Amino acid sequence: MSDKGGDNLSEVTDFILVGIRVHPEFHSLLFLLFLIVYGMVLLGNLTMIGIIVTDPRLNTPMYFFLGNLSIIDLSYSTVIVPKAMVNILSQKKTISFAGCVAQLFLYALFMVTEAFVLAAMAYDRFIAICNPLLYSVRMSRSLCIQLVAGSYLCGCVSSILQISVTFSMSFCASRVIDHFYCDSNPIEKISCSNIFMNKMVSFSLAVLIILPTIVVIVVSYMYIVSAVLKIRSSEGRKKAFSTCSSHLGVVSLLYGTVSFVYLTPPSNPELRKVASVCYILFTPMLNPLIYSLRNKDVKDAMKKILWKKKVLL
């Protein structure tokens, strides 16, 4: 198939992913960077999941959400990074049409799901600090499952809408996507269709996702701060804030990197790719570190596992 001509949606069988533009001699170095960071993503998140699953002391709503957060981080990184690594060393940097649809669907699914899970975690911290006596009743196991299931449902619905409008376009100018994975913005650039509806749908989805999650997080922490400031002892205030600091760090990291990605000028695609690397690789790598380094329960559980292994050896 030629890159130019009258190709429409039914005739497109694959796309070409340009990837990150670097000199050929740096391809191996870029591959090594992706490999090392992705390995740390796997190690950190699988370790976090393993600790939460095996230690009965972590069988609480907060760690249930944290375990799901690790699964989400691991998943959206895995959806993109292995294919990107293959293309770095490959001469034929292609992805099938079906593969592109699946990649965009899963990427959008996990990204939206993470936003809602973080909002659920903020609500959990609000109940734990502001209504501690009712915590076990309010944050029941069934409610936690419903919140996570609802997060995935919202992610699934928004992903279906996103891929529906994205891949209903005609691609008559080119099939070359100027990115290292299938994202809606670079795909829209190679379409010869009117993308006004696409932009409206994307904007509407962003508002419906970002606004409620941000509101829940901000309002929850307004109540949390108010409640903590009423605690008389400095030790009590410190303990209360320490349970929230890790979550705030992850929220700041997520929204900071996502804002960096989508607020980067379209005229600078290479900067946008670098911003995407921060979100897809470095955010899921840092999240487990933030929770493990700042969370006493996780550190104690890790020491317990390491001590058991030492005894067995």
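Biologist: Which residues line the largest cavity?

Modeller: Met 62, Met 121, Asp 124, Arg 125, Thr 243, His 247 and Tyr 291 line the largest cavity. Lining residues have an atom within 4 Å of a cavity point. This is a predicted model: local features need pLDDT of at least 70, side-chain atom pairs count only at pLDDT 80 or more, and totals for chains, interfaces and linings use all residues. Residues are numbered from 1 along each chain, and side-chain values use heavy atoms, without hydrogens and water.

Biologist: What makes a space a cavity?

Modeller: On a 1 Å grid over the protein atoms alone, a cavity is a set of points where a 1.4 Å probe fits but cannot get out. The whole structure holds 2 cavities of 30 Å³ or more. The largest has a volume of about 40 Å³.

Biologist: Why is the pair of Tyr 107 and Tyr 279 called a pair, and which kind is it?

Modeller: Rings of Phe, Tyr and Trp (its six-membered ring) pair if their centres lie within 6.5 Å; planes under 30 degrees apart count as stacked, over 60 as edge-to-face and the rest as tilted. Here the centres are 6.3 Å apart and the planes at 80 degrees, so the pair is edge-to-face.

Biologist: Are Tyr 107 and Tyr 279 buried or exposed?

Modeller: Both Tyr 107 and Tyr 279 are buried (under 20% relative accessible area; exposed is over 50%, partly exposed in between, with a 1.4 Å probe and protein chains only).

Biologist: What does the pair tie together?

Modeller: Tyr 107 lies in helix α3 and Tyr 279 in helix α9, so the pair ties together parts 172 residues apart in sequence.

Definitions and conventions. Helix = DSSP H or I, 4+ residues; strand = E, 2+ residues; numbered from the N terminus. 1 Å grid on protein atoms, 1.4 Å probe; cavity = no way out; pocket = protein on both sides within 12 Å on 5 of 7 lines; lining within 4 Å. Points joined across faces, edges and corners; volume = space filled by probe spheres on them.
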